[in-house]
Amino acid sequence: MFAVGAGEFVAGALFALTVVATVLALLRTVLLGVTTSLHVRRRRPREAPDQPVTVIIPAYNEREGIEWAVRSALAAGPRVQVIVVDDGSTDGTDALVERIARRRPSVRLIRQANAGKAAALNTGLAAARTELVVLMDGDTVLEPGSVPALVRNFADPAVAAVSGNAKVGNRGRLLGRWQHIEYVCGFNLDRRLYDVLECMPTVPGAVGAFRRSAVLRVGGVPTDTLAEDTDLTMALERGGWRVVYEEEARALTEAPATLAELWKQRYRWCYGTLQSVWKHRHAVAERGSAGRLGRRGLPYLLLFQVLLPIVAPLVDVAAVFGLFTADRWLVLGAWLAFLALQAIPAVVAFRLDREPLRPLLALPLQQFVYRQLMYLVVLQSLSTALAGARLPWHKLPRRGLLRP
């Protein structure tokens, strides 16, 4: 009797979780559909302000890709200056940049003892002499036209930061394709939603533009969280500024090439995001752009980047378990509906980004492998945060997989 009762309880609990996950997925699909439609319709071409721009690249052991990052930044135009802040590299990154700087006067190298990415960015900001700055990673390659696309948004004096459209460059293998799908489907559509709702939580470190004076006014790039890009974005909005998304500012970034590297990266991202949410939790009770972040952006982020990733893998468990119960067809229908709600935004996102749909063939397998990994990452991040432990920065090795 106990076994039967326990089985019925587990079946009921799993079915309830399936319903919760499906409702969340449906809600997200509807929200993304409405806001994406509004975002596409309201965008209008704008002329970029004729202002000089400084591209700041923090670099720690980025020898494999730094030359291509600098070249792509210089290709943005004659009024672009590039500052590379070498953060105590041990692989000869600084020597390589120094050779480039000798040939290109618009490139400047600054060396400092290893102090972390945020400190390197603050060094670059202190050295910059332009009001508009573009921050990019040393493993990133800007596509032509990305810098002007970012800069044109500053025609609005209320805008302090612009999120670019980061894409996975090394997508030849299955893990790369899974991350490519995630970047295009999740990050792109979510940023359109945040833009429409005026509650952008993150300008990605890979590619983003800022008003230097606004960043300095909020104290520079924060150094007390592991998601300095999220922390800075939230600080700007709490300072009364607008943050927008520019889908035409594309940049290719080198994504983790192994599951172990992916785990380390996402663990840091998720933990850093939780740190930032907690740090800026008082935005919930504030007004203006801070209130929009607190009452729109933070709940969406927690619901769909924390709760849904935890619940979603249990839907797969419920589907398998449900096949051996009397409600198998109901459970199977709910599971298929959940998968469809994942696939619809994916197709829309790929179409909007003018990406070939072929990589979406990897989407079904992604649901069974990649999603489970993200589930474990979120659980570990939550447990670390609740325990109050400090997580060190994880520097991923670079393989030089990108070429402009």
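## A guided tour of the predicted model

Begin by selecting Arg 281 and Trp 278: the charged end of Arg 281 sits over the ring of Trp 278, 3.9 Å from its centre (the criterion is NZ of Lys or CZ of Arg within 6 Å of the ring centre and within 35 degrees of the ring normal). This is a predicted model, in which local features need pLDDT of at least 70 and side-chain atom pairs count only at pLDDT 80 or more, while totals for chains, interfaces and linings use all residues. Residues are numbered from 1 along each chain as its sequence is written, and side-chain values use heavy atoms, with hydrogens and water left out.

Next, select Phe 187 and Trp 269. Their ring centres are 6.4 Å apart and their planes meet at 55°, so the pair is tilted (rings of Phe, Tyr and Trp, the last by its six-membered ring, pair with centres within 6.5 Å; planes under 30 degrees apart are stacked, over 60 edge-to-face, the rest tilted). The pair links distant parts of the chain, 82 residues apart: Phe 187 belongs to helix 6 (residues 174-197) and Trp 269 to helix 9 (residues 259-279) (helices are DSSP runs of H or I, at least four residues, and strands runs of E, at least two, numbered from the N terminus).

Then move to His 39 in helix 1 (residues 2-42). His 39 counts as buried because its relative accessibility is 0% (buried is under 20% relative accessible area, exposed over 50%, partly exposed in between, with a 1.4 Å probe and protein chains only).

Finally, select Arg 354, in the loop between helix 11 (328-352) and helix 12 (363-368). Arg 354 has a positive phi of about 55°, although it is not a glycine.
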